[in-house]
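Subject: Structure for your review

Dear colleague,

Please find below the structure that I am handing over to you.

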Amino acid sequence: MAKLPEHVLIVGGGIIGLSSAHFLSEAGVQVTVIDQGKIGAACSHGNCGLINPSHVFPLPRPGAFKNAIKALLKPNGPFRVQPTLNPQLYFWLLRFARNGNLKAMRHAGWARHHLLTFSREFYRDFISGNQIDCDFEERGCLFVYGTKHTLDEHDQFDAMMTKEYGVGAEKLTGDELEKMEPAFLPGVAAGAWFYPQDAHLRADKLIKGWRKLLEERGVKFREMTRVSEFVPAQRQIKSIEVCDVNSNATETLPCDALVVATGSWTPMLNKQLGYKIPIQPGKGYSLTMPRPEICPKIPMILEDEKVAITPMASGYRLGSTMEFVGYDTTINPKRLELLTKGATKYMRDPVGKMIEEQWYGWRPMTPNGLPLIGPTPKYQNVFVAAGHNMIGIMTAPATGRLVSELILQKQPSIDPKPYAVA
Ligand SMILES: Cc1cc2nc3c(=O)[nH]c(=O)nc-3n(C[C@H](O)[C@H](O)[C@H](O)COP(=O)(O)OP(=O)(O)OC[C@H]3O[C@@H](n4cnc5c(N)ncnc54)[C@H](O)[C@@H]3O)c2cc1C
């Protein structure tokens with residue numbers, strides 16, 4: 001058995017880096033988290049904060065590709081691909097399309113289910129046990145549909161979810177939905193599926209509280225520090241080169257093991273990893289505002305519009321859209337408008353009095369909807385934990401636990417094969 005690492009460097013201070021730091025430091029390992037920006041300021045910041053065991057099925061599923069093509073043809077629809085000369089995106093889309101079958105969807109469903117169930121339980125105990133102020137609530141989630149046809153299309157998926165994963169829902173008519181959630185305009189929604197086991201939180205507040213806890217435990221954080229090179233020694237990385245993004249000063253940091261939790265940026269480290277990581281940034285937006293006067297109690301996804309509404313104790317957030325536009329950093333007002341339009345169609349009081357934050361994030365998208373968690377084929381002591389698609393917040397605890405088990409050569413609590421890097 002190889003010597004166990006005493007000091008682990010984690011590249012990436014998003015939710016996945018933090019969760020990995022949590023489980024490693026709990027096991028007594030010395031941990032340093034390095035980020036090129038501020039901790040938690042990238043995709044883990046302004047997302048919808050849904051902690052939904054109901055999200056077992058990945059985006060590629062039977063019919064998804066046809067629906068995506070339909071959505072693409074809609075001018076300013078929620079799904080957009082910017083034509084590019086970069087062949088990587090087309091290869092990725094091809095792989096995504098190939099995974100749109102029942103067998104692949106079920107396989108991904110099981111792997112996601114294992115990550116989701118542990119994480120959901122972990123959050124409940126961890127947040128209350130450590131009194132982390134992050135608006136965590138267990139109110140379920142509504143999948144809302146505008147037409148009877150789309151509402152009924154979900155029947156087959158719900159039946160599978162109930163039978164195979166035990167996460168069934170209650171199907172509501174439009175009237176039942178309005179009774180349960182009076183924030184809806186009357187007569188607009190055809191109905192909804194209510195998933196009672198789902199929960200939600202405010203991810204920016206969770207990260208703030210979690211970081212504080214980790215600092216108290218001795219975890220070190222280095223912000224505005226970009227990792228640029230790995231220094232190989234046979235089949236291991238014994239140190240990395242980092243660069244201060246303000247001063248450009250470089251430094252070499254030794255490590256016993258390395259966790260690469262760099263979300264959408266991971267393919268930029270392909271050369272250093274010696275492996276091609278199949279992640280594309282899937283850009284999404286959110287708007288955060290004070291709670292409107294008639295605020296819904298239950299988070300929801302307006303499925304036909306692809307807009308999520310998260311009512312939080314400290315605010316109200318609309319989020320969604322999926323754009324494949326490379327590493328684009330602009331805020332497109334037309335995409336933000338889609339969010340308010342979706343909410344306006346269904347809600348009595350769709351937006352708060354002022355917009356506190358307009359935000360975008362790059363979801364680290366993989367072609368099969370599964371994250372990559374495990375050692376790299378080239379270096380025994382380098383572990384990837386990236387590609388968490390639309391479920392990074394809701395699967396972070398199980399990811400961090402698995403990363404820690406693999407690094408410390410413990411018996412993994414879930415089968416790591418479905419997430420293997422190679
Ligand atoms: C609109 C929207 C809504 C969403 N809603 C939900 C939801 O309701 N529930 C849910 O579970 N998920 C949701 N997601 C997805 C979720 O936000 C992501 O899956 C998750 O944040 C990914 O976390 P991460 O730690 O992998 O990446 P990030 O949070 O992006 O962190 C990666 C970090 O790595 C750093 N980094 C990159 N390269 C380097 C380098 N070379 N050196 C140093 N640092 C580096 C970056 O600066 C960044 O801080 C949503 C996403 C969007 C866009």
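This is a predicted model: local features need pLDDT of at least 70, side-chain atom pairs count only at pLDDT 80 or more; totals for chains, interfaces and linings use all residues.

Residues are numbered from 1 along each chain as its sequence is written, and side-chain values use heavy atoms, with hydrogens and water left out.

The chain as a whole

The chain contains 11 helices and 20 strands; these are DSSP runs numbered from the N terminus, with helices (H or I) of at least four residues and strands (E) of at least two. For 422 residues, a compact globule would have a radius of gyration near 22 Å, and the 21 Å of the chain agrees with this. That radius is taken over C-alpha atoms, and the globule rule is 2.2 Å times the number of residues to the power 0.38. Along its principal axes, the C-alpha trace spans about 65 × 45 × 45 Å.

Of the 422 residues, 56% are buried, where buried means under 20% relative accessible area, exposed over 50%, and partly exposed in between (1.4 Å probe, protein chains only). Among the contacts with a separation of 6 or more, 75% are between residues 24 or more positions apart; a contact means heavy atoms within 4.5 Å.

Strand S13 (residues 257–260) pairs with two strands described here. Strand S1 (residues 7–11) runs parallel to S13 and is joined to it by 4 bridges, with Val11 opposite Val260. Two strands are said to pair if DSSP finds at least two bridges between them. Strand S20 (residues 382–386) also runs parallel to S13, through 3 bridges; here Leu258 stands opposite Val382 and Val259 opposite Phe383.

Which way do the residues of S13 point? Ala257 and Val259 point one way and Leu258 and Val260 the other, and all are buried. In S20, likewise, 5 of its 5 residues are buried: Val382, Val384 and Ala386 point one way, and Phe383 and Ala385 the other.

Strand S19 (residues 372–375) runs antiparallel to S20, with 4 bridges between them. A hairpin of 6 residues connects S19 to S20, and Pro375 stands opposite Phe383.

Strands S11 (residues 236–244) and S12 (residues 250–254) run antiparallel and are joined by 5 bridges. Ile240 has Leu253 as its bridge partner in S12. The hairpin they form has 5 residues between the strands, and Asn248 in the turn has a positive phi of about 70 degrees.

Cys243 belongs to S11. Cys243 counts as buried because its relative accessible area is 15%. Leaving aside residues up to four places away in sequence, Cys243 touches Met224, Thr225, Arg226, Asn248, Ala249 and Thr250. Cys134 is 109 residues from Cys243 along the chain, and their C-alpha atoms are separated by 32 Å.

Met161

Met161 is part of helix H6 (residues 155–165). With a relative accessible area of 2%, Met161 is buried. Residues that Met161 touches, not counting those up to four places away in sequence, include Ser54, Val56, Phe57 and Tyr195.

Yours sincerely
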